[in-house]
Amino acid sequence: MSPARPLDKIAAGLAFLLGLAAILGALGSQYIGGLVPCELCLEQRLAYYWGLPLLALILVLWNRLPLPVWYIGMAIVLAIFAWGTYMGAFHAGVEWGFWPGPTACSGLGSDFSLDALNDLKPVIGCDVVQFRFLGLSLAGYNALISLAIVVLLIASIVFQYRRDRRN
């Protein structure tokens, strides 16, 4: 491959674009589509809120970062999206009834008062699926997308490592 098209940067760029499309889709489904996110939905978004800005910074500083810093940054982004993959799979399992969800997703909690009825907002249980496509919920798709991002980040790291070994 020519130096003008390094596979490591292409893989990282694809991971960024895939993550950006996923979080924009999630926000669009909420603000345009009217889907109300549950507690686990909101927690799954944290991987994108933390990982994408860091990955964007790495992409912008790609040729200026010392290689050890690049590897550490990529490892951090990889760990964030690996956690996001786990969260998506966990949430999908809650939706399918494989295991119980967190208590924050159901019940009234310990501090309920009748005054709280004035500020009611819709609360969606973590085991409630609002949308399925081809049998998968949005949590299931998030798990698959996060896994694809993890694979692209691993590929980027491997491509960089192989290129470094040749030089």
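**Contacts, burial and helices**

Visitor: Which residues does Leu153 touch, not counting residues up to four places away in sequence?
Guide: Leaving those neighbours aside, Leu153 touches Ala15, Leu55, Met74, Val77, Leu78 and Phe81, where contact means heavy atoms within 4.5 Å. This is a predicted model, in which local features need pLDDT of at least 70 and side-chain atom pairs count only at pLDDT 80 or more, while totals for chains, interfaces and linings use all residues. Residues are numbered from 1 along each chain as its sequence is written, and side-chain values use heavy atoms, with hydrogens and water left out.

Visitor: Which residues of the largest nonpolar core touch the most other members?
Guide: Among its 22 residues, Tyr48, Leu55, Met74, Phe81 and Leu153 touch the most other members. The elements that contribute two or more residues to this core are α1, α2, α3 (67–96) and α4 (138–166). The name nonpolar core is given to a set of buried Ala, Val, Leu, Ile, Met, Phe, Trp, Tyr and Cys residues joined through side-chain atoms within 4.5 Å.

Visitor: Why is Ser146 called buried?
Guide: Ser146 has a relative accessible area of 0%, and buried means under 20%, with exposed over 50% and partly exposed in between (1.4 Å probe, protein chains only), so Ser146 counts as buried. Ser146 is placed in helix α4 and, apart from neighbours within four places in sequence, is in contact with Tyr48, Phe81, Gly84 and Thr85. Over the whole protein of 167 residues, 34% count as buried.

Visitor: Why does Asp8 count as buried, and what makes a polar contact with the side chain of Asp8?
Guide: Asp8 counts as buried because its relative accessibility is 1%. The side chain of Asp8 pairs with the side chain of Arg163 at 2.5 Å, and a polar contact is a pair of N or O atoms within 3.5 Å, of which, within protein, one must be able to donate a hydrogen and the other to accept it, with residues adjacent in sequence counting only if both atoms are side-chain atoms. Asp8, which lies in helix α1 (residues 7–31), also touches Trp62, Ser156, Phe159 and Gln160, among residues beyond four places away in sequence.

Visitor: Why are Leu67 and Ala89 called partly exposed?
Guide: The relative accessible area of Leu67 is 33%, so Leu67 is partly exposed, and Ala89 is partly exposed because its value is 38%. Both residues are found in helix α3. Neighbours within four places aside, Leu67 is in contact with Gln160 and Asp164, whereas Ala89 touches Trp99 and Ala143.

Visitor: How do you know that α1 and α2 pack, and at what angle?
Guide: Helix α1 packs with helix α2 (residues 39–60) at about 145 degrees, their axes being 10 Å apart, where axes are lines fitted to C-alpha atoms, for helices over the stretch in contact, and angles run from 0 to 180 degrees between N-to-C directions. Residues of α1 including Ala12, Phe16, Leu20 and Ile23 meet residues of α2 including Tyr48, Leu52 and Leu55. This contact divides into 14 nonpolar, 3 polar and 2 charged residues, given that Ala, Val, Leu, Ile, Met, Phe, Trp, Tyr, Cys and Pro count as nonpolar, Asp, Glu, Lys and Arg as charged, and the others, Gly among them, as polar.

Visitor: How many helices and strands does the protein have?
Guide: There are 4 helices and 2 strands, following the pattern α-α-α-β-β-α along the sequence. Helices (H or I, at least four residues) and strands (E, at least two) are DSSP runs, numbered from the N terminus.
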